[in-house]
Amino acid sequence: MQFGRYFEEFEVGAVYKHWPGKTVTEYDDHLFCLLTMNHHPLHMDAHYAEQTTDFGKNVVVGNYIYSLLLGMSVPDVSGKAIANLEVESLKHVKPTFHGDTIYGETEVLDKTPSKSKDDRGVVYVETRGYKQDGTVVCVFRRKVMVPKKSYGLARGGEQPGRPEPKLS
């Protein structure tokens, strides 16, 4: 199974559809909120959300959706990355609720060879997240520094650092 891509393998205009999707549970949302100390009642208090918001129910915290989509994209986009350089934009387009299933896809917008090192380049991508009905909920653009094949080969190939089993 491929895990990430080398610079040469990215093509401008390519779209990678990340699989599988993830159904967001109340537990996922509350755990993420607690881990990140975001105790806003919109995410944590069902009574508050029912009585005081336009949605009438808890909304999943947007940074969880962003993090989920970023993680979904790793096998297709940044699994070989040297560095995530920047998140240029992040838009929470529509709300996500407990029980929604999130799917993601990433489009390659541009790629630029490094000017200072010939074994890497920068890939500019847009990731879109959408719910089970196709409603787009989150869009972000980022730049990722990825190695060329020469970089990977010099460091151990497809699975650098993987030990061999000792059979005795």
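Reader: Hi! Quick one to start: what relative accessible area does Ala83 have?

Author: Ala83 has a relative accessible area of 26%, so it is partly exposed. Buried means under 20% relative accessible area and exposed means over 50%, with partly exposed in between (1.4 Å probe, protein chains only). Before we go on, this is a predicted model: local features need pLDDT of at least 70, side-chain atom pairs count only at pLDDT 80 or more, and totals for chains, interfaces and linings use all residues. Residues are numbered from 1 along each chain as its sequence is written, and side-chain values use heavy atoms, leaving out hydrogens and water.

Reader: Good to know. Which strand does Ala83 lie in?

Author: Ala83 belongs to strand β2, residues 83–92. Helices (H or I, at least four residues) and strands (E, at least two) are DSSP runs, numbered from the N terminus.

Reader: And what does Ala83 touch, not counting residues up to four places away in sequence?

Author: With those set aside, Ala83 touches Val144 and Met145. Contact here means heavy atoms within 4.5 Å. Ala83 and Met145 are 62 residues apart in sequence, yet 5.2 Å apart in space from C-alpha to C-alpha.

Reader: Val144 again, then. How far apart are the C-alpha atoms of Val122 and Val144?

Author: Those C-alpha atoms are separated by 5.5 Å, and the two residues are 22 apart along the chain. Val122 is in strand β4 (residues 120–130) and counts as partly exposed, at 23% relative accessibility. Beyond four places in sequence, Val122 touches several residues, including Phe7, Leu85, Lys143, Val144 and Met145.

Reader: Zooming out, what pattern does the protein follow along the sequence?

Author: The protein reads β-α-α-α-α-β-β-β-β-α, which comes to five helices and five strands. The C-alpha atoms fill a box of roughly 60 × 50 × 30 Å along the principal axes.

Reader: What share of the residues count as buried?

Author: Of the 168 residues of the protein, 39% count as buried. As for contacts between residues at least 6 apart in sequence, 72% join residues at least 24 apart.

Reader: Now the inside. Which residues have the most contacts inside the largest nonpolar core?

Author: They are Val24, Tyr64, Ile65, Leu68, Leu69, Ile102 and Cys138, in a core of 15 residues. A nonpolar core is a set of buried Ala, Val, Leu, Ile, Met, Phe, Trp, Tyr and Cys residues joined through side-chain atoms within 4.5 Å.

Reader: Which elements give two or more residues to this core?

Author: Those are α1 (26–35), α4 (62–78) and β5 (136–147). The most comes from α4, with six residues. Leu68 touches Lys22, Val24 and Ile102, again not counting residues up to four places away in sequence. There is also a second, separate core of nine residues, which includes Phe7, Tyr16, Val108 and Val144.

Reader: Let's stay with α1. Which of its residues are buried?

Author: Asp28, Asp29, His30, Phe32 and Cys33 are buried in α1. What covers the buried residues of α1 includes β1 (15–23), α2 and α4.

Reader: What does His43 do over in α2? I mean, where does its side chain reach at 2.6 Å?

Author: The side chain of His43 reaches the backbone oxygen of Val59. His43 lies in α2 (residues 41–44) and counts as buried, at 9% relative accessibility. Leaving aside neighbours within four places in sequence, His43 is in contact with residues including Asp29, His30 and Cys33, as well as Val59, Val60 and Val61.

Technical notes:
Polar contact = N/O pair within 3.5 Å; in protein donor to acceptor, adjacent residues only side chain to side chain.
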